[in-house]
Amino acid sequence: VHVVESGGGVVQAGGSLRLSCAASGRTFSTYAMGWFRQAPGKEREFVATISWSGGFTYYADSVKGRFTISRDNAKNTVYLQMNSLKPEDTAVYYCAADTSSALKIIIPNHWGQGTQVTVSS
């Protein structure tokens, strides 16, 4: 499985961005996907996860109510809609797949290269 993120950029506080993650392979609709982020000088942290069907989603408290994860299995793509962005959301955002789990990311086994999101105050 090869995953590639896109959609990062620079946005002012309060603005919105949508990240996309395209995955290769014919089994995309069978496993969970998720987003993580890593800010400068900090460890990588969980942001959101979505089940194989899109019916189950789960978010980190820090983004709940502002970010929405979704997927389009016909396009092998997962999205992260980010609204009401804050400077503390600045980070490299990584897409991840857990091909061993259908419900949620447990141990990601495939990672994208990351996309930079910068929120200016």
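I take buried to mean under 20% relative accessible area, exposed over 50%, and partly exposed in between, with a 1.4 Å probe and protein chains only.

I note that this is a predicted model, where local features need pLDDT of at least 70, side-chain atom pairs count only at pLDDT 80 or more, and totals for chains, interfaces and linings use all residues. Residues are numbered from 1 along each chain as its sequence is written, and side-chain values use heavy atoms, with hydrogens and water left out.

**Fold.** I looked up the secondary structure and found 0 helices and 11 strands; helices (H or I, at least four residues) and strands (E, at least two) are DSSP runs, numbered from the N terminus. The radius of gyration is 13 Å, close to the 14 Å of the globule rule for 121 residues, so the protein is as compact as a globular protein of that length. I took that radius over C-alpha atoms, and the rule is 2.2 Å times the number of residues to the power 0.38.

**Burial.** I find that 45% of the 121 residues count as buried. Phe-28 is buried at 1% relative accessibility, and Tyr-31 is buried with a relative accessible area of 1%.

**Rings.** I looked for aromatic pairs and found 5. Rings of Phe, Tyr and Trp (its six-membered ring) pair if their centres lie within 6.5 Å; planes under 30 degrees apart count as stacked, over 60 as edge-to-face and the rest as tilted. One aromatic cluster is formed by Phe-36, Phe-46, Tyr-58, Tyr-94 and Trp-111.
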